[in-house]
Amino acid sequence: MMNAAVLSLLVGSAAAFAPAQQGVSTTSLDAMPDRMWDKMVDKTERSKAMPFLPRPINLDGSYVGDVGFDPFYLSSIPKNFAGFIQPPSWEDQGEGLPTLYWMREAELKHGRVTMLAWAGWLATDGAFGPVPFRFPGAVYHDVPSSYEAHDIMVAQGSLGFMLFAVGFIEFCTSAVLVEVAKGESDREAGDFKLDPLQFLKGKSKEEVDNMKLMELQNGRTAMLAFSGVVTQAALGGTEFPYLVPYPNVADITW
């Protein structure tokens with residue numbers, strides 16, 4: 001009787017350390033949902049601008065100036081940007097505004113604005129001649145520099161009017177984006193048919209694309225240039241050529 005009790009205790013103890021029976025899993029790697037990353041990149045190609053990264057899926061070279069530069073893969077995020085410019089009730093009409101279209105529209109607009117802004121900043125500081133290019137009147141000619149003009153013009157009221165004018169233009173030009181979102185227009189991103197000097201008239205597609213590329217590259221350069229000018233002015237170099245007046249090293253007390 002004692003032997004049987006001891007034997008049953010040993011069997012129970014061994015069973016406690018035995019691995020539990022694993023049932024057949026109802027999931028597998030094949031049944032796992034696809035990773036978002038797999039849909040955002042083309043693993044068979046490398047980015048031209050950044051060869052150590054895979055090519056963003058939407059940057060296939062179909063856009064002028066596309067060199068595959070998108071290290072954060074923002075262009076690969078699937079989103080309909082039509083909701084930014086039209087009522088939600090219209091979002092189901094048409095294909096909407098895909099991410100890459102919206103980003104190219106924004107890039108061209110920012111580039112055009114900064115080309116004007118860079119030239120205007122330097123012109124009002126007298127970089128293009130002995131006399132600064134400004135509106136007539138003491139309220140404009142007495143402004144020390146472009147860097148200080150913002151606060152002065154806000155207090156004076158001119159900047160408020162300009163903000164209203166820019167907002168009105170933005171509102172009017174967004175109408176064509178609504179047409180694109182609803183599938184009523186095949187307009188290219190950034191194309192407002194503005195060519196008063198007829199630069200593109202009679203040009204071949206290759207020549208037109210070359211002009212578009214020059215505009216895009218100048219716009220990208222202007223965005224960097226304007227950022228640099230503003231930064232230099234904020235650091236103290238408010239006069240052209242915006243050199244920061246660093247103190248003489250010999251006068252610095254360590």
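Guide: Contact means heavy atoms within 4.5 Å. The structure is a predicted model, in which local features need pLDDT of at least 70, side-chain atom pairs count only at pLDDT 80 or more, and totals for chains, interfaces and linings use all residues. Residues are numbered from 1 along each chain as its sequence is written, and side-chain values use heavy atoms, with hydrogens and water left out.

Visitor: Which residues does Phe226 touch, not counting residues up to four places away in sequence?

Guide: Setting aside residues up to four places away in sequence, Phe226 touches Thr114, Ala117, Trp118 and Trp121. Of these, Ala117 is 109 residues from Phe226 in sequence and 7.2 Å from Phe226 in space, C-alpha to C-alpha.

Visitor: Why does Phe226 count as partly exposed?

Guide: Buried means under 20% relative accessible area, exposed over 50%, and partly exposed in between (1.4 Å probe, protein chains only). Phe226 has 21% relative accessibility, and therefore counts as partly exposed. Of the 254 residues of the protein chain, 22% count as buried.

Visitor: What makes a set of residues a nonpolar core?

Guide: The residues must be buried Ala, Val, Leu, Ile, Met, Phe, Trp, Tyr or Cys, joined through side-chain atoms within 4.5 Å. The largest such core has nine residues: Phe81, Ala82, Leu97, Tyr101, Val176, Leu177, Val180, Ala181 and Ala189. Helix H6 (residues 158-181) gives the most to this core, namely four residues. A second, separate core has five residues, among them Leu122, Val229, Ala233 and Tyr242.

Visitor: How many helices and strands does the protein chain have?

Guide: Helices (H or I, at least four residues) and strands (E, at least two) are DSSP runs, numbered from the N terminus. By this definition the protein chain has seven helices and two strands, in the order α-α-β-β-α-α-α-α-α from the N terminus on. Phe226 lies in helix H7.

Visitor: Where in the protein chain is confidence lowest, and where is it highest?

Guide: Confidence is expressed as pLDDT, the predictor's value for each residue, from 0 to 100. The lowest mean, 49, belongs to helix H1 (residues 2-17), and the highest, 94, to helix H7 (residues 205-234). Over residues 14-18 the pLDDT is below 50, and this stretch has zero contacts in the model beyond near neighbours in sequence. Residues 23-29 also stay under 50, with zero contacts beyond four places in sequence. Where pLDDT is low, the predicted coordinates should not be read in detail. The protein chain averages 81, and 80% of the residues score at least 70.
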